[in-house]
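Hi,

Here's the structure I promised to pass along.

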Amino acid sequence: MTITMNALKERIRRKELYIVVAVSLIILAFCGSDAATISVEGESVTGFESMFKVLHIIVNAAGCLLSMVLSLRTIPAEYQEKRSHLIWIRGVSQAGYHAQLAAANVVSSAIAVMILYAALIIYAVIQGAAGYIPTMIPGLLIVILNIAIISLLTSVLSIGLPSFVAGMISSICVLVGVLHGILDIYKNIIGGFSGAIVKWVLLIFPDLNGIQGQAAGLVLGKGIDFHVILKGLLTLYIISLGLWVFRKKEA
Amino acid sequence: MKIYRILYGVLGVIFLTGTIITGNSGLSAENKAIYEVALNLQEDVNRIGFPNFDLEDYKVRFFDGRADYVVSGGTIEKDDAVFTTFVGTTYEVDGEYQIILPTVENFSAMFDLLGNAGSLAEGSMNFTQSQYGPEEHISTLWHETLHAYQMSCYYSELTGLLGKSVGEGNIEGIVVSSIDGNQNVVELYKKQMELLHKAFEARELTEKKAIVADYLKLEQQRRGLLSEEACAVEDYYEAIEGTACYMESRVYGFQKGLDALKEAYMGQTGYEKGSAKYYTSGMMKCYLLDELAPGWQSDYDFSISLNEMLMAL
């Protein structure tokens, strides 16, 4: 816990969290304002529910990218700055050390997405849809599952791979994950060998869009598919095993 | 430390078990409701007049992107997908023709992705994505049911329309190369479609008949420019798809009314490349037959073209 808290303090000290969140908020504010017209099928989307769905997708995608950026350098930086030796002398295992740093990444990413979600809450109030706010809390918790998946994946990859490679893999994971729904339909349209490849790609990468969709649906009063959530939790669990599998040579 | 490891292991087992258990949730309530409503429309469909045409005679396979859910006689069974792509069609499975449809969720999502799924399914869809929902899916289900009926009861008659020289695998190619590629044919076809719409809108039967006669004259002129094969292909498409589109639109009308039917199905007046145009022209001819030869469906065995039906009036 001490390692996690220290890592969080370090994150706050470096102010990277604020900078990235500020940029995301600007994007979100623009999308929610009259300055931007989002159109679907050539028709302007103006109703709260339609607009909320669009903004929710943006928040989820921005949150996932944020969590990747926030998690990428934490573990490698510990080793580069030789702080790891201070941990070994306390008798903390390497896996435990990485787990606590990864926890710090997940928490800081969750805080970032909470700030983004706060913008959604403000948007709801402005639009006279404050009635949706109570369901936004469980909606946020579901989105945090996505954030945790990407943050933990990036953390695990950053243990064994160079930052650039880990970042690339995580970026691809975010891209495929947020486009999971579209790709799922696409694979059944194209069929054949290409469809089979897409099918395998979708099996490997987590369904971030599905989880996001459940969160948005929950906020808007629709039912929830527990299979999607449980699959997300299982994905998170499987990724967490990497903390025990990947080792740093230095230690 | 050991207790944490055990808890960690237990957590993994819980997630895995939960994922497996919830993964087999079956066909969604919305698709079940679609099938039920479609069944409840049987009496209305009976009034259209195709003899022994009954949805319950055919199994319906709802494809959810991974597996088929086969609905038949009040039971639903999960089965391997017959097609792993999204198609609305009828196909022979275990010696009988079954109806294959994507689930409404997948079909709607496909519309979201592509704007209009018509070109992917059969070229028969007349809806834009924002409109596609349960009522449209029920209509599509009846469209495919008519195909199952045609294939089960009138297969030889329908293939007879194609003649011996045209293989079933080559018919779309003939449309594109021999018909769409001939500008004189295209221009005449456009005029003919205008006449069909005009005949449909005409109030008096005598006026309708006169417009149909003009249409048939142009048809004769246009077909003079086409090969025998191309003419056979047109007859075949209009008989098989025009009637199915007619059934689909009638069912749509039962659910949403005449105005909605006209808006969804009669708006297409431009020239469509490929076979899609015959869905519309065949359907229009069926509506004209409704007025000029009421009850035509009871004797129609798909062995003659819809043009021949109009000529016989």
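In chain A of this predicted model, helix α3 (residues 48-72) and helix α8 (residues 163-178) have axes that come within 10 Å and cross at roughly 165°. Anything over 145 counts as roughly antiparallel, so α3(A) is roughly antiparallel to α8(A). The crossing of α3(A) past α8(A) is right-handed.

On the α3(A) side, the residues that meet α8(A) are Asn60(A), Ala61(A), Cys64(A), Leu65(A), Met68(A) and Leu72(A). Their partners in α8(A) include Ala166(A), Gly167(A), Ser170(A), Ser171(A) and Val174(A). By class, this contact of α3(A) with α8(A) has eight nonpolar and six polar residues, with no charged ones.

α3(A) also packs against helix α6 (residues 94-126) of chain A, with the axes 9 Å apart and an angle of about 155°. That angle makes α3(A) roughly antiparallel to α6(A). Here too, α3(A) goes past α6(A) in a right-handed crossing. From α3(A), the contact uses Leu55(A), Val59(A), Ala62(A), Gly63(A), Leu66(A), Ser67(A), Leu70(A) and Ser71(A). α6(A) answers with a set that includes Ala112(A), Val113(A), Leu116(A), Tyr117(A) and Leu120(A). The contact of α3(A) with α6(A) splits into 11 nonpolar and six polar residues, and again no charged ones.

Now for chain B. The domain assignment puts domain 1 at 29-153 and domain 2 at 165-311. The C-alpha centres of these two domains of chain B are 23 Å apart, and their contact takes 21 residues from domain 1 and 24 residues from domain 2. Which elements give two or more residues to the domain 1 side of that contact in chain B? They are α3 (42-48) and α5 (134-153) of chain B, and α5(B) gives the most, with nine residues. The residues on this side of domain 1 of chain B divide into nine nonpolar, 10 polar and two charged.

Last, the two chains together. Their contact takes 17 residues from chain A and 22 residues from chain B. On the chain A side, α9 (180-190) and α12 (226-245) each supply at least two residues.

Cheers

Methods
Residues numbered from 1 in each chain as written. Chains lettered and ligands numbered in written order. Predicted model: local features only at pLDDT ≥ 70, side-chain atom pairs only at ≥ 80, totals over all residues. Axes fitted to C-alpha atoms, helices over the stretch in contact; angles between N-to-C directions. Helix = DSSP H or I, 4+ residues; strand = E, 2+ residues; numbered from the N terminus. Parallel < 35°, antiparallel > 145°, perpendicular 65-115°, else oblique. Left-handed = near helix turned anticlockwise from the far one by under 90°. Contact = placed C-beta atoms within 7 Å. Nonpolar A, V, L, I, M, F, W, Y, C, P; charged D, E, K, R; others polar. Domains from an automatic or database assignment.
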